[in-house]
Amino acid sequence: MRRQPVRKAPAIFDDSLITTKIKSQLAGDDIMKAFQISVETFKGTVQLSGFVNSQRDVDRADEIATNVKGVRSIKNNLIVK
């Protein structure tokens, strides 16, 4: 009896897992939880969008996203209001 080859989970699952992890970490961060930041992921590329209070907040969101496993690149479209 031949065994079927192991198939990898589709990229959609990986992308949704990345998005969920980033959203969770943003919500758990004392500073970042105050902002509504949209997170979208496609093939490991994460797009962050929304409004924050300072460049430091932009950098913090970028840092959080960068440290999530599976993230290949980040398009940080956060706007300082």
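A nonpolar core is a set of buried Ala, Val, Leu, Ile, Met, Phe, Trp, Tyr and Cys residues joined through side-chain atoms within 4.5 Å; buried means under 20% relative accessible area (1.4 Å probe, protein chains only). The model is predicted, so local features need pLDDT of at least 70 and side-chain atom pairs count only at pLDDT 80 or more, whereas totals for chains, interfaces and linings use all residues. Residues are numbered from 1 along each chain as its sequence is written, and side-chain values use heavy atoms, with hydrogens and water left out.

Q: Which element gives the most residues to the largest nonpolar core?
A: This core has 17 residues, and Ile 22, Leu 26, Met 32, Ile 37 and Leu 48 touch the most other members. Two or more residues come from each of α1 (11–28), β1 (37–42), β2 (45–52) and α2. With four residues, the greatest contribution is that of α2.

Q: How far apart are the end C-alpha atoms of helix α2?
A: Helices are DSSP runs of H or I with at least four residues, and the expected span is 1.5 Å times one less than the number of residues. The twelve residues of α2 (residues 55–66) should therefore span 16 Å, and the distance between the end C-alpha atoms agrees, at 16 Å.

Q: What arc do the buried residues of α2 cover around the axis?
A: In α2, the buried residues are Asp 57, Val 58, Ala 61, Ile 64 and Ala 65. The arc is taken from the directions from the helix axis to the C-beta atoms. These residues lie on the same side of α2, because they cover an arc of only 130°.

Note on methods
Buried means under 20% relative accessible area, exposed over 50%, partly exposed in between (1.4 Å probe, protein chains only).
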